[in-house]
Amino acid sequence: MSALIEVKHLKKYFKTATGMLHAVDDVTFSIPKGQTLGVVGESGCGKSTLGRTVLGLLDSTDGEIYFEGENITNVSHEKFHDLRRKMQIIFQDPYSSLNPRMSVGDIIAEPLQIFNLCPDKAEREQKVKELMDVVGLDQRFINSYPHELDGGRRQRIGIARALSLDPKFIVCDEPVSALDVSIQAQILNLMQDLQEQKGLTYMFITHNLSVVKHISDNIMVMYLGQMVELCGAKELFANNLHPYTKALLSAIPHPSIREKHERIILKGEISSPINPKPGCRFAARCNYATEECFKRDPELRECTPGHFVACHNVEAING
């Protein structure tokens, strides 16, 4: 299956008063058409920055981004304006991402107006109503404002807005983290149905491992701006190899109180992402760290077919 998105050695650094902050540091991956890549990791690991850099909302420091085989890393603003129709984002907070002064209908119609897709007002209103039906939002809310609706309905507005231009690729930046559990399930099921109907490709960013297991084909684990593990969703939960991934998965609440469930408690100081020293960034918190881990960056290696891990001691840890 051909890749819709390819990212090669992508870097995004921010200048601070004390040095360069390595928010995304040498990340490489691809997403086949019609599939979902889940991106997980604790807060501050660079998940959202990665998604926004791929979309061109942030300029990359180094590396290459390919969309449908075309290098879009340094294309002009005019060219990216055309690409914006094919690449959209659903933001984390369904309230702050919507203009409070605009009605539901106007918010969903705004992309159509920007790209002059439906010049006729009646045609544009009909398109908005169709999009509201697609995302399960009652048409009676077309003249309502975001503050009048609950979180689930607001997020449906964000999804309808993202779908209005018929995109091929959508970055979903923690789209259900601000919602109640019952609403989360509705939104996730909606997104999966839309993916199946329209052949959409998702990059699904979240810190909720239960959610990412449900929706992803492949999962990438990030730690302080770097990718530490990448493999299929089922493979990650059945045969995780990196010590950080093992700690993340051990934190998932276990439904049975009778089965023994061992938690891995991480200790030690978190390394600074500002001018990081050579070596594994997880070494200070890793129970398996050796002298080599503090001296040399681990390379991302394919340990088993389709399963990539960045760890010096992966064979010793997993027997």
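Reply: Happy to. Setting aside residues up to four places away in sequence, glutamate 235 touches Asn240, Thr304 and His307. Please keep in mind that this is a predicted model. Glutamate 235 sits in helix 8, which runs over residues 233-238. Its relative accessibility is 28%, so glutamate 235 counts as partly exposed. One of the residues it touches, His307, also makes a polar contact with it, side chain to side chain, at 2.9 Å. For a sense of how the chain returns to this spot, take glycine 306: it is 71 residues away from glutamate 235 along the chain, yet 9.4 Å separates their C-alpha atoms.

Two more single residues can be read in the same way. Arginine 281 belongs to the loop between helix 9 (243-250) and strand 11 (300-304). With a relative accessibility of 8%, arginine 281 counts as buried, the cut-off for that word being under 20%. A polar atom of the arginine 281 side chain lies 2.8 Å from the backbone oxygen of leucine 224. Leaving out neighbours within four places in sequence, the contacts of arginine 281 are His22, Asp25, Tyr223, Leu224, Gln226, Ser271 and Pro276.

Tyrosine 66 is found in strand 4, residues 62-67. Its relative accessibility of 16% is why tyrosine 66 counts as buried. Its side chain makes a polar contact of 3.0 Å with the side chain of glutamate 64. Beyond four places in sequence, tyrosine 66 touches Leu4, Ile5, Glu6, Lys8 and Asn71. For leucine 4, the separation from tyrosine 66 is 62 residues in sequence and 7.9 Å in space, taken from C-alpha to C-alpha.

Now to the open and closed spaces. Two residues in contact with arginine 281, Asp25 and Gln226, turn up again at the largest pocket: together with Asp26, Asp297 and Pro298, they lie nearest its centre, among 21 lining residues. Strand 2 (19-32) and strand 10 (226-232) are the elements that give two or more residues to that lining. The volume of the largest pocket is about 400 Å³.

Helix 4 covers residues 121-134, 14 residues in all, and reaches 20 Å from first C-alpha to last, close to the 20 Å expected. Its buried residues are Arg124, Val128, Leu131 and Met132. These span an arc of only 100 degrees around the axis, which means that they are on the same side of helix 4. As a rule, an α-helix has 3.6 residues a turn, so residues three or four places apart point the same way. Helix 3 (104-114) and helix 5 (151-163) are among the elements that cover the buried residues of helix 4. At the N-terminal end, aspartate 120 is the cap, with a side-chain oxygen 3.3 Å from the backbone nitrogen of alanine 122. After helix 4 comes glycine 136, with a positive phi near 75 degrees.

Helix 5 is mostly covered, with 12 of its 13 residues buried. From first C-alpha to last, helix 5 reaches 18 Å, close to the 18 Å expected. Its N-terminal cap is again an aspartate, residue 150, whose side-chain oxygen lies 3.3 Å from the backbone nitrogen of glycine 152.

Following helix 3 is asparagine 116, whose phi is positive, near 55 degrees.

Note on methods. Residues numbered from 1 in each chain as written. Predicted model: local features only at pLDDT ≥ 70, side-chain atom pairs only at ≥ 80, totals over all residues. Heavy atoms only, no water. Helix = DSSP H or I, 4+ residues; strand = E, 2+ residues; numbered from the N terminus. Expected span 1.5 Å × (residues − 1). Buried < 20%, exposed > 50% of the residue type's maximum accessible area, 1.4 Å probe, protein only. Arc of directions from axis to C-beta. Contact = heavy atoms within 4.5 Å. Polar contact = N/O pair within 3.5 Å; in protein donor to acceptor, adjacent residues only side chain to side chain. 1 Å grid on protein atoms, 1.4 Å probe; cavity = no way out; pocket = protein on both sides within 12 Å on 5 of 7 lines; lining within 4 Å. Points joined across faces, edges and corners; volume = space filled by probe spheres on them.
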